[in-house]
Amino acid sequence: MMSRLASFGRINIPDWVFYPLAGGVAALMIVLALMMRPVNAAAVVTERELVFQGAALADLVNGPGTNVRFDPGHADGPVARASSTASFEIAGTLSAGVAAFVPQEFERRISGQRVRVEYEVRTAGTDGPSNVFIGYFTSGYGDSGWREVPVTPQFTTVSFEWDAPVYAGQEYTETVGIWPDPGGENREILIRRIRVLLLNPDP
């Protein structure tokens, strides 16, 4: 059976050709995004936590199927406005969504640690999505995977905990990501803070 995507328009591509091709294109997009990695100059980094807030939200980047723009003058303080033009079902495996790149100095600290990933987020209006997906993504040595969390018209902190794999010499290129609208209906959410916390840091 041809996949829905593979038979889009007048082009009919067998699944055994389409999915490897899509995977290769996604990998190329990720590589290009990493080449433009921001410096996270405004991110707060301590021994136990990493925080993106205020001006640091301007460093967020959008992967395939998502959009993001920084709104420094919002009534609730600086926010990132994020949305999805593709559904999570179709495009959620192709990118880290709207993502913040983790500074290398913090990447080294999470190896083998229990980690909590937090987003302070709300919908931009009353007709926004009821849930989003968040995750922590490494460069080939074990991701958290996407975690579904609820979102409301009021700012709330949503989170999950995860045991980060032990780093074993892989290249550091890590991101914290969010898929803003699982339905891909371009409904905006507002991100006010992203926090990664080491729960039991090594002494």
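The legends below describe close-up views of a predicted protein model.

Residues are numbered from 1 along each chain as its sequence is written, and side-chain values use heavy atoms, with hydrogens and water left out. In this predicted model, local features need pLDDT of at least 70 and side-chain atom pairs count only at pLDDT 80 or more, while totals for chains, interfaces and linings use all residues.

**View 1. The whole protein chain.**
The protein chain holds 3 helices and 12 strands; helices (H or I, at least four residues) and strands (E, at least two) are DSSP runs, numbered from the N terminus. Of its 203 residues, 45% count as buried, where buried means under 20% relative accessible area, exposed over 50% and partly exposed in between (1.4 Å probe, protein chains only). The accessible surface of the chain comes to about 10,200 Å², with 55% of that belonging to carbon and sulfur atoms; areas come from the Shrake-Rupley method with a 1.4 Å probe, and for residues only the protein chains shown count as cover. Among contacts with a separation of 6 or more, 74% are between residues 24 or more positions apart; contact means heavy atoms within 4.5 Å.

**View 2. The open sheet and its edge at β3.**
An open sheet is formed by 5 strands in the order β3-β6-β11-β8-β9, with antiparallel pairing. Its edge strands, β3 (61–62) and β9 (147–150), each pair on one side only. Two strands pair if DSSP finds at least two bridges between them. Strand β3 is joined to β6 (residues 98–101) by 2 bridges, and N62 has V98 in β6 as its bridge partner.

**View 3. Strand β5 and its two partners.**
Because 6 of the 6 residues of β5 are buried, this strand is largely enclosed by the rest of the structure. V79, R81 and S83 point one way, and A80, A82 and S84 the other. Strand β4 (residues 66–71) pairs with β5 in the antiparallel sense over 6 bridges, and T66 stands opposite S84. The antiparallel pairing of β5 with β12 has 3 bridges; there, A82 has I189 as its bridge partner.

**View 4. The largest nonpolar core, around Y119.**
A nonpolar core is a set of buried Ala, Val, Leu, Ile, Met, Phe, Trp, Tyr and Cys residues joined through side-chain atoms within 4.5 Å. The largest one has 33 residues, of which Y119, I178 and I191 touch the most other members. Its largest share, 5 residues, comes from β12. Leaving aside neighbours within four places in sequence, the contacts of Y119 include V98, I134, V158, V176, I178 and I191. Apart from this core lies another, of 9 residues, among them F88, F133, F137 and W146.

**View 5. R122 in strand β7.**
R122 sits in strand β7 (residues 114–123) and counts as buried because its relative accessibility is 14%. Its side chain makes a polar contact of 3.4 Å with that of D76. A polar contact is a pair of N or O atoms within 3.5 Å; within protein, one must be able to donate a hydrogen and the other to accept it, and residues adjacent in sequence count only if both atoms are side-chain atoms. Not counting residues up to four places away in sequence, R122 also touches others, including H74, V151, F155, I189 and L190.

**View 6. V51 in strand β2.**
V51 lies in strand β2 (residues 49–53) and is buried, at 8% relative accessibility. Beyond residues up to four places away in sequence, V51 touches A43, V44, R193, I194 and R195.
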